[in-house]
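Dear colleague,

Please find below the structure for your review. My notes on it follow directly after.

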Amino acid sequence: MAVRFREARPHDAAALLADMRPADRREVEAASGPDVLATLRRSIALSDSCLAAEDGDQLLALFGVAPASVISDNAAPWLLGTEAIRHHKRTLMHASRAYIGVMAGVYPVLANWVDARNVASVRLLEWLGFEIHPAEPFGFARVPFHRFELRRHENNVQRADRFPRNASV
């Protein structure tokens, strides 16, 4: 099957929540509180760029980048997946690298927080080239999270037309 990428839609929040990876759900609850659906909807709405990855009509993941504030040109990247994401790891890893490359061309600093318990996400962020900072209490639950960041430099920037909209598995 082929993974396709499209602009995320507001109803994708509920579809993601219905089959969300347990580690991702724990992370959202720890960072933002128990109303995961409201957090997902807010993430989609606040993102300058928000895409859905799907295989046929099955949602695999939502990912995006939201401006850090109205007075900053930095942004917060995020990715949350469904259980089905594991069947498309390689394709989504390479698409994530391309997407981050494009976003690094738009924003000088990409930074956010990741739950220290979400080991797979921490490993992906390291593979993508993010600097992972020591864990510290963060968010609604005040559990250990790592701040991660990527500062723009020439070797991590790609042209916007290089992000694949269709990828073969």
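F5, F63 and Y99 form one aromatic cluster; rings of Phe, Tyr and Trp (its six-membered ring) are paired if their centres lie within 6.5 Å, and planes under 30 degrees apart count as stacked, over 60 as edge-to-face and the rest as tilted. This is a predicted model, in which local features need pLDDT of at least 70 and side-chain atom pairs count only at pLDDT 80 or more, while totals for chains, interfaces and linings use all residues. Residues are numbered from 1 along each chain as its sequence is written, and side-chain values use heavy atoms, with hydrogens and water left out.

Overall fold

The chain has 5 helices and 9 strands, where helices (H or I, at least four residues) and strands (E, at least two) are DSSP runs numbered from the N terminus. Their order along the sequence is β-α-α-α-β-β-β-α-β-α-β-β-β-β. Of the 169 residues, 45% count as buried (under 20% relative accessible area, with exposed over 50% and partly exposed in between; 1.4 Å probe, protein chains only). Among contacts (heavy atoms within 4.5 Å) with a separation of 6 or more, 67% involve residues 24 or more positions apart. The chain exposes about 9,000 Å², of which carbon and sulfur atoms supply 54%; accessible areas come from the Shrake-Rupley method with a 1.4 Å probe, and for residues only the protein chains shown count as cover.

Nonpolar cores

A nonpolar core is a set of buried Ala, Val, Leu, Ile, Met, Phe, Trp, Tyr and Cys residues joined through side-chain atoms within 4.5 Å. The largest has 27 residues, and L110 and F130 touch the most other members. At least two residues each come from strand 1 (2–7), strand 2, strand 3 (58–67), helix 4 (89–106), strand 5, helix 5 and strand 8. Helix 4 gives the most to this core, with 7 residues. Apart from it lies another core of 14 residues, among them L16, A52, L59 and W78.

In helix 5 (residues 119–127), S121, V122 and L125 are buried. Seen down the helix axis, these buried residues fall within an arc of 100°, so they line one face of helix 5; the arc is that of the directions from the helix axis to the C-beta atoms. Their cover includes helix 2 (22–32), strand 5 (109–115), strand 6 (131–132) and strand 8 (143–151). After helix 5 comes G129, with a positive phi near 100°.

F130 sits in the loop between helix 5 and strand 6 and is buried, at a relative accessible area of 5%. Beyond residues up to four places away in sequence, F130 touches P77, I100, L110, L125, F148, E149 and L150. F130 and L150 are 20 residues apart in sequence, with their C-alpha atoms 4.8 Å apart.

Aromatic pairs

How many aromatic pairs does the structure hold? There are 5 aromatic pairs. The rings of W113 and F138 have centres 4.3 Å apart and planes at 15°, so this pair is stacked. W113 lies in strand 5 and F138 in strand 7 (residues 136–138), so the pair ties together parts that are 25 residues apart in sequence. F138 also forms a tilted pair with F145, at 5.1 Å centre to centre and 50° between the planes. F138 is partly exposed, at 22% relative accessibility, whereas F145 is buried, at 1% relative accessible area.

Kind regards
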